[in-house]
Amino acid sequence: MKKILVTDDHPAIRDGVKQIINRNFSDVVFGEASNGAEAFRMMNEKDWDLLILDLDMPGRSGLEVLKQLRDEGKKLRVLIFSMHAEEQIAIRVFKLGADGYLSKDSSETEMIKAIETLLNGRKYISAAIASALVDQLGNPDDKLPHELLSEREYQTMLLIASGKTVSGVAEELSLSVTTVSTYRARILEKLSLKSTAEIVNYVYKNNLQ
């Protein structure tokens, strides 16, 4: 009997993931969480074989949840399931301790392959991620400016680039406008940019969304 915890703030996505798994696996017990706090509560109550984790959630982001999991030494397998294209953010989540990364645009076949791989104790690395890893190994010291951003700054940058205002980002992440304004200022400083338009252009030029 495999125990899988699905963490995403959208009920329809949680239901879709469970339906796909039920069509392809037998003897699965599910848990559901809509945010990081709920996920940690459930992980403290029961041992899980696999955590399927969204990155963009209110409160603590998936990146922060993943980092805390590994800092606390929790050993369960973690599959990041995100709207962001894998080659743009996957390396970042693997460095934080993820065992696999899957875009929400992926096919059902690919999702099942990823889940099977993780449940068998291996990491799931797609062809796109493998190519990006090879490129980075060839230039280990050649860091791009956005790689210096904190997890929350990185998430804020992507939301700003998607068209959200500072207040919109604050609402999305359940943060104060002042906090998001501080993150925006740090992003501009670290990337040597001057405006929101330049943030959008930077994300576009580096294929981060």
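Tutor: Start with helix packing. Angles run from 0 to 180 degrees between N-to-C directions. Keep in mind that this is a predicted model.

Student: At what angle do helix H7 and helix H9 pack, and how far apart are their axes?
Tutor: Helix H7 spans residues 151-161 and helix H9 spans residues 177-191. They pack at about 90°, with axes 9 Å apart.

Student: Why is H7 called roughly perpendicular to H9?
Tutor: The label covers angles of 65 to 115 degrees. The angle here is about 90°. So H7 counts as roughly perpendicular to H9.

Student: Which residues make the contact of H7 with H9?
Tutor: On H7, Arg-152, Glu-153, Thr-156, Met-157 and Ile-160. On H9, Val-180, Tyr-183, Arg-184, Arg-186, Ile-187, Lys-190 and Leu-191. By class, the contact has six nonpolar, one polar and five charged residues.

Student: What about H1 and H5: what are the crossing angle and the axis distance?
Tutor: H1 covers residues 11-24, and helix H5 covers residues 108-119. Their axes come within 10 Å and cross at roughly 75°. The range for roughly perpendicular is 65 to 115 degrees, so H1 is roughly perpendicular to H5.

Student: Which residues meet there?
Tutor: Val-17, Ile-20, Ile-21, Arg-23 and Asn-24 in H1 meet Glu-108, Met-111, Ile-112 and Ile-115 in H5. That contact has six nonpolar, one polar and two charged residues.

Student: Now burial. What makes Leu-158 buried?
Tutor: Leu-158 lies in helix H7. Its relative accessible area is 3%. Buried means under 20%, so Leu-158 is buried.

Student: Lys-18 has a charged side chain by class. How do you know whether Lys-18 is buried or exposed?
Tutor: Apply the cut-off. Lys-18 has a relative accessible area of 17%. Buried is under 20%, so Lys-18 is buried. This lysine is found in helix H1. Leaving out residues up to four places away in sequence, Lys-18 touches Val-6, Phe-30 and Glu-32.

Student: Why is Phe-30 called partly exposed?
Tutor: Buried needs under 20% and exposed needs over 50%. Phe-30 is at 22% relative accessibility, so it counts as partly exposed. Phe-30 sits in strand E2. Beyond four places in sequence, Phe-30 has contacts with Ile-4, Val-6, Lys-18, Ile-21, Asn-22 and Trp-48. Phe-30 and Lys-2 are 28 residues apart in sequence, and 8.5 Å apart from C-alpha to C-alpha.

Student: How do you know that the buried residues of H3 are on the same side?
Tutor: Helix H3 spans residues 62-71, and its buried residues are Gly-62, Leu-63, Val-65, Leu-66 and Leu-69. They cover an arc of only 160° around the axis, which puts them on the same side of H3. Just after H3, Gly-73 takes a positive phi of about 80°.

Student: Which residues have the most contacts inside the largest nonpolar core?
Tutor: Met-43, Ile-80, Tyr-101 and Met-157, in a core of 45 residues. H7 gives the most to this core, with six residues. Apart from it lies another core, of 19 residues, among them Val-17, Ile-21, Met-111 and Tyr-124.

Student: What does Ile-80 touch beyond four places in sequence?
Tutor: Leu-53, Leu-55, Leu-66, Val-93, Ala-98, Gly-100, Tyr-101 and Leu-102.

Student: What makes the phi of Asp-27 worth a check?
Tutor: Most residues other than glycine have a negative phi. Asp-27 has a positive phi of about 60° and is not a glycine. Asp-27 is found in the loop between H1 and strand E2. Its relative accessible area is 52%. Exposed means over 50%, so Asp-27 is exposed.

Student: And what makes Ser-192 exposed?
Tutor: Its relative accessible area is 64%. The cut-off is over 50%, so Ser-192 is exposed. Ser-192 lies in the loop between H9 and helix H10, and has a positive phi of about 55°.

Student: Last one: which residues of H8 are buried?
Tutor: Gly-168, Val-169, Ala-170 and Leu-173. The buried residues of H8 pack against H7 and H9. Just after H8, Ser-174 takes a positive phi of about 55°.

Terms used: Residues are numbered from 1 along each chain as its sequence is written. This is a predicted model: local features need pLDDT of at least 70, side-chain atom pairs count only at pLDDT 80 or more; totals for chains, interfaces and linings use all residues. Side-chain values use heavy atoms; hydrogens and water are left out. Helices (H or I, at least four residues) and strands (E, at least two) are DSSP runs, numbered from the N terminus. Angles under 35 degrees count as roughly parallel, over 145 as roughly antiparallel, 65 to 115 as roughly perpendicular and the rest as oblique. Contact means heavy atoms within 4.5 Å. Buried means under 20% relative accessible area, exposed over 50%, partly exposed in between (1.4 Å probe, protein chains only). The arc is that of the directions from the helix axis to the C-beta atoms. A nonpolar core is a set of buried Ala, Val, Leu, Ile, Met, Phe, Trp, Tyr and Cys residues joined through side-chain atoms within 4.5 Å.
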